[in-house]
Amino acid sequence: MLERSLNKKIFSDDVEQQPIRKGYGQGLLEAGERNKNVVALCADLTESTHTHLFRNRFPERFVQVGVGEQSMASVASGMASMGKIPFFSSYAMFSPGRNWEQIRTTICYNDTNAKIAGSHAGISVGPDGGTHQALEDIAITRVIPNMTVIVPCDMEEARKATIEAAEFVGPVYIRLARENTPVITTKDTQFKIGDAEVFFKSSNPRITIFACGSVMHSAMVAANTLSEENIGSIVVNVSTIKPLDKRIVEYSKETNLVLTVESHQRIGGMGSAISELLSEVSPMRVVRIGVDDKFGQSGSPAELLEHYGLGTQSIVKKVKDLVKQ
Amino acid sequence: MTSISSEDIKKIEGKAKDIRISIIKSLSEAGSGHTAGPLDMSDVFATFYHSILRHNPKNPSWEKRDRVILSNGHICPVLYATMAHFGYFKVEELKTLRKFGSRLQGHPHREFLPMLETSSGPLGSGLSQALGMAIAERINNKNSDKFFYCFMGDGELDCGQCWEALMHAGKENLPNIIAIIDRNHIQIDGKTDEVMPLEPLVEKFLSFNWNVLEMDGHSVSDIYEKINLAKSFKKQTVIIANTIPSKGVPEFEGDYRWHGAPPGKGPSDVVPKDKQLEVALKALGDNS
């Protein structure tokens, strides 16, 4: 059963496809229209991160730093000190990758109200290859105190998350993806920082699947396929990795078998966060699907998802193996 | 050119002496910390807080205040001592430097001491932050008369991020950013000329579209005149403060090994460790 507010065409071949990063661009523009203190910075990637929408509408509130991601984080910190709400964007590998320390010291340690948008995160960045595919960004951001980490599952959720981040007081990291992915949610779908919602639930679930970001759709298609073979599941959208929704424990206890799916290293990401929580509060088996301690490479998004075991077929197979055991 | 009265010079020199004595005492009490930089910047900080900075110690969050960004956060003993001697908090609190629970953290932390503008320590971020503040201020008020002062170290200029900020500021052309470099020619591992040579430094700043001035970091009148001259340019200006590391204690002066040691733990070949506090206080004219 699909959560009722979701796009009814999720399982159709002609489901609408949009890039998650575009939702950031739209959300940033809307946030800027609502609040004149919202400002934007970018490191020479305005079109790619969709920051150009804000830049074109509010040129006096936009700062171009060129390829200077380290300085960008601290410039944002300085602007926030003066009451602005800065959103700064680049590819996730460069921000928070390159400027991790500046984010830690001048934003989180200072508890500064700055927002980091890391685009092109995950394996299916595609042809650009491994240097541009951030697979470690959830790990390095969730580990910093005062940081909130959001991984929207589609363009619409990214739009809502950006608008809400502008109203939220404190450092926020929003993880975005490059490629087109199915639009899962609708304008009516609730989004709240800190909430993990059930997107799909069978009547007799055997396994709880937690997914986030661009692979959310694959997880849902897998669950739908499995339900047709009488293997029921619960699929939860973990759109906030930090802080983790405590209901994750309840969802897990319904089946006592957990699978996590993310376009990120298996080490340190959303799956690790959920393992940490469950092992302390309600120990049970947690199996993580993700990139298995390897770097990415060039390829089409579909080829890469297949190769690294993140696609629908891999999820279906994994669930079947687990429920057999 | 604006000049300063001899009466004010005397007052400031008196403050600088008090600041130096407090630096030595607080570092000795702490048992760790940096001596050379704080001592060599005492004259600049005393002049600045007495006669240049627009501020209100009794209202540290006064909206109209100029902003002071200490990028080379390790020299915070001079910032803390200056703030104390100009009325931000009691001088006795300086004894708590680097201690557990103190507002005076080993490297400045805004969350513990809210009257600071930034937290710092790792080097390289201050100028970016100052730039961000000035850009935000320009959005709010193009005709703002606030100034944004960023204090930096010369060794700190090894950091790439400094040059990102310098280049960016060269593009923004703000009339109210002034960077002051503690040019003491030392860093942790030795003289800057040996570890990572910086010269030709003036030419580097000029090529990044900054005005450049040099000042004698130990002459109150020169400090006063040069900072005011920089303000009058209404263009991003860097002032190279030529300083002698550990200025004020001749037995420590010029020795890079005092960069990161407190009195009592400094190099023992010139002054034995157990005499370092006494020698320093005597040199500074402390009669207590």
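How many bridges join strand β5 of chain A to strand β7 of chain A, and do the two run parallel or antiparallel? There are four, and the strands, residues 115-119 and residues 172-175, run parallel. One residue to look for here is Gly118(A), whose bridge partner in β7(A) is Arg175(A). Keep in mind that this is a predicted model.

Zooming out, β5 and β7 sit side by side in an open sheet of seven strands in chain A, with the order β3-β2-β4-β5-β7-β6-β12 and mixed pairing. The edges belong to β3 (62-64) and β12 (240-242) of chain A; each has a single partner strand, so one side of each is left without a neighbour in the sheet. From one strand to the next, the twist averages 20 degrees.

Now for the rings. Over all chains, the structure holds 15 aromatic pairs. One of them brings together Phe48(B) and Tyr49(B), in an edge-to-face arrangement with 5.9 Å centre to centre and 70 degrees between the planes. Phe48(B) counts as buried because its relative accessibility is 0%, under the 20% cut-off. Tyr49(B) is buried too, with a relative accessible area of 5%.

Conventions: Residues numbered from 1 in each chain as written. Chains lettered and ligands numbered in written order. Predicted model: local features only at pLDDT ≥ 70, side-chain atom pairs only at ≥ 80, totals over all residues. Heavy atoms only, no water. Pairing = 2+ DSSP bridges. Axes fitted to C-alpha atoms, helices over the stretch in contact; angles between N-to-C directions. Phe/Tyr/Trp six-rings, centres within 6.5 Å; stacked < 30°, edge-to-face > 60°. Buried < 20%, exposed > 50% of the residue type's maximum accessible area, 1.4 Å probe, protein only.
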